[in-house]
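The structure is shown first, and the notes follow by topic.

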Amino acid sequence: MTPLWCVIPAAGRGTRVGGDCPKQYLPLAGRALILHTLERLAGHPRIAGLMVALAADDERWPGLDHLAGKPVLTTTGGGERADSVLAGLRALPGGVGEGEFVLVHDAARPCVRAADIERLVEVASVGEGGLLGAPLRDTLKRADERGCSILTEPREQRWRAFTPQMFRRGQLVAAIEAAVRDGVIVSDEAMAMERAGHAPRLVEGAEDNIKVTTAADFALAEFLLTRTT
Ligand code: CTP
Ligand code: MG
């Protein structure tokens, strides 16, 4: 299988971290968080190039155009994550065919393991694509408005969804466009594909592929970075 392009949505504001600087540009082990993510992706033999979706007013992008010998392109993202992913998919080089698989990976997940990317590509390319995730481990509670537990939800067959997610370029564009048309905000690519009638393959990955979401996650990500490859 020929190496795949990867779209990286990086146009978020990081409101849950807080502060003026979007989280992807905050320092992690001495370098901007996004650089760790991009290096892991570019260093992977399954990946051909990176398409990074940046905020329209981004002044912090370091102007990279190559990493580990792979092209790094940028485009302008949008108001929701799905808008940024769609912009990235549309801006991919013309040589990336409609029927080709592409990966999508959050800029905010710097600890993704190379072996998990490898397994996702191997397993999900046999069918119509899929995503990394992990089955729920904890008991799941339904809360009321007061924050009190009123029900224990079944844990069976419930997964947490991570990235990368991998789908065929044309199908994914059509699925996200349909969601946008219907006024539905999809939180990941798999949700768009499910709405379009597909059943993305869930590929179990390491739980340390965390999405850096709050200020406290930086310390954890820094710890994990040194222990995962
Ligand atoms: N993202 C994006 N465009 C948006 C919103 C999010 O490209 N309009 C990207 C983020 O930059 C991040 C990824 O999607 O890499 C996952 O989103 P999330 O973790 O929610 O990041 P933010 O939206 O930046 O954070 P918050 O929700 O706390 O504001
Ligand atoms: Mg967000």
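**A buried glutamine**

In this predicted model, a polar atom of the Gln-24 side chain lies 3.1 Å from the backbone oxygen of Gly-12.

**Gln-24**

- Gln-24 sits in the loop between strands S1 and S2 (27-28).
- With a relative accessibility of 6%, Gln-24 counts as buried, because the cut-off for buried is under 20%.
- Leaving aside residues up to four places away in sequence, Gln-24 touches Ala-10, Ala-11 and Gly-12, and also Ala-32, Leu-33 and Ile-34.

**Largest pocket**

- The space in the largest pocket is about 700 Å³.
- Its lining is made up of 31 residues, and those nearest the centre of the pocket are Ala-11, Gly-12, Arg-13, Lys-23 and Arg-81.
- At least two lining residues come from each of strand S1 (4-10), helix H2 (81-91) and strand S11 (159-168).
- S11 has the largest share of this lining, at four residues.
- By class, the lining of the largest pocket holds 10 nonpolar, 12 polar and nine charged residues.

**Second largest pocket**

- The volume of the second largest pocket is about 170 Å³.
- Its lining consists of Leu-131, Trp-159, Ala-161, Ser-187, Asp-188, Ala-190, Met-191, Glu-194, Pro-200 and Leu-202.
- S11 and helix H5 (189-195) each contribute at least two residues to this lining.
- H5 contributes the most, with three residues.

**Helix H6**

- In H6 (residues 217-225), the buried residues are Asp-217, Phe-218, Ala-221, Leu-224 and Leu-225.
- These residues lie on the same side of H6, because they cover an arc of only 125 degrees around the axis.
- In general, an α-helix has 3.6 residues a turn, so residues three or four places apart point the same way.
- Strand S2 and helix H1 (33-42) are among the elements that cover the buried residues of H6.

Notes:
Residues numbered from 1 in each chain as written. Chains lettered and ligands numbered in written order. Predicted model: local features only at pLDDT ≥ 70, side-chain atom pairs only at ≥ 80, totals over all residues. Heavy atoms only, no water. 1 Å grid on protein atoms, 1.4 Å probe; cavity = no way out; pocket = protein on both sides within 12 Å on 5 of 7 lines; lining within 4 Å. Points joined across faces, edges and corners; volume = space filled by probe spheres on them. Nonpolar A, V, L, I, M, F, W, Y, C, P; charged D, E, K, R; others polar. Buried < 20%, exposed > 50% of the residue type's maximum accessible area, 1.4 Å probe, protein only. Polar contact = N/O pair within 3.5 Å; in protein donor to acceptor, adjacent residues only side chain to side chain. Contact = heavy atoms within 4.5 Å. Arc of directions from axis to C-beta.
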